[in-house]
Amino acid sequence: MRSVKGKEWYQADEVAQEYDSKRFSKGGRLIDRREKEAVLAALGPVEDKNILEIACGTGRFTVMLAQEGANVVGLDISRAMMVQGREKARRAGVADRIEFLRGDAARLPFPDDHFDAVFAMRFFHLADTPAKFLAEMARVSKQQVFFDTFNDGSLRVAYNWLLPMGSRLYSEGDVRRLLGDAGLDLADAKHDFVIPFGFYRKVPNGIAQPFRSLDLAVGDSPVGDDLASVSYWNARVESADEPSRAATRASDAE
């Protein structure tokens with residue numbers, strides 16, 4: 001994975017300023033809606049929960065959860081992205097429920113079991129040390145870890161090498177190994193978007209809609225999960241009476 005180039009690209013001011021408009025306008029609105037549905041469905045009622053978002057970016061999910069009554073910490077490596085997030089929170093009237101922090105996801109500045117839930121969207125495809133990142137997420141969560149991946153058996157492979165930030169793709173076996181090593185139990189997995197994101201971003205919403213209907217029809221077929229380009233993984237932290245491996249795994253991933 002082109003991790004250095006990816007980090008430089010992600011932190012650029014011009015990328016942050018145009019991030020939402022380029023990715024979540026036109027047919028990208030369908031992506032935004034589906035991702036927000038996935039986060040809310042996984043995290044459940046969030047009122048008064050303490051939640052950490054890794055790689056919060058421009059605050060799409062951070063602000064949404066704060067509007068639902070959660071207390072949210074959004075952590076990101078990009079100052080430029082967080083500038084956009086703070087402005088979005090201010091406009092939404094939820095700045096008092098969100099703390100934006102610049103930090104390293106491999107060394108989270110929080111004690112063990114600090115949050116009710118920890119999640120990351122659009123992060124693991126850029127992760128240079130995914131085992132370490134996931135172990136840290138598990139360490140600071142009391143109950144739940146949720147994240148998405150792009151899949152190595154999907155159409156995304158066809159254009160992956162063209163992406164300016166590079167991209168890491170995962171198999172189900174890869175994810176299950178990462179979960180096991182982090183001391184997490186897979187509670188649920190959803191798979192979606194047979195047609196990759198890049199297509200939806202390029203076409204008007206009116207054209208994207210019928211393709212999305214076709215996408216969902218294929219996704220509901222027996223081969224849908226195998227062809228999906230995106231997976232949403234909902235995992236539970238091992239119960240308190242079981243030996244916790246997260247801290248040990250985080251150290252092993254150094």
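Eleven aromatic pairs are counted in the predicted model, where rings of Phe, Tyr and Trp (its six-membered ring) pair if their centres lie within 6.5 Å, and planes under 30 degrees apart count as stacked, over 60 as edge-to-face and the rest as tilted. A pair of aromatic rings is described by the distance of the centres and the angle of the planes. F110 and F115 form an edge-to-face pair, at 4.9 Å centre to centre and with 85° between the planes. F110 is buried at 11% relative accessibility, and F115 is likewise buried, at 3%; buried denotes under 20% relative accessible area, exposed over 50%, and partly exposed in between (1.4 Å probe, protein chains only). F199 and Y200 also pair edge-to-face, with 5.7 Å between centres and 75° between planes. Here F199 is partly exposed at 30% relative accessibility, whereas Y200 is buried at 0%.

Both F199 and Y200 belong to a cluster linked by ring pairs, together with F150, F193, F197 and F211.

The model contains an open sheet of seven strands in the order β3-β2-β1-β4-β5-β7-β6, with mixed pairing. Helices (H or I, at least four residues) and strands (E, at least two) are DSSP runs, numbered from the N terminus, and two strands pair if DSSP finds at least two bridges between them. Because β3 (98-102) and β6 (184-192) each have a single partner strand, one side of each is left without a neighbour in the sheet. Neighbouring strands are turned by 15° against each other on average, direction ignored.

Strand β2 (residues 71-76) runs parallel to β3 and is joined to β3 by five bridges; L75 has L101 of β3 as its bridge partner. Helix α5 (residues 79-92) packs on the sheet and touches β2 and β3, its direction making about 170° with that of β3. Contact means heavy atoms within 4.5 Å, and axes are lines fitted to C-alpha atoms, for helices over the stretch in contact, with angles from 0 to 180 degrees between N-to-C directions.

The mean pLDDT (the predictor's confidence in each residue, from 0 to 100) is 85 for the chain, and 79% of residues reach 70 or more. Over residues 1-5 the pLDDT is below 50; residues 242-246 stay under 50, with nine contacts beyond four places in sequence.

Residues are numbered from 1 along each chain as its sequence is written, and side-chain values use heavy atoms, with hydrogens and water left out. In this predicted model, local features need pLDDT of at least 70 and side-chain atom pairs count only at pLDDT 80 or more, while totals for chains, interfaces and linings use all residues.
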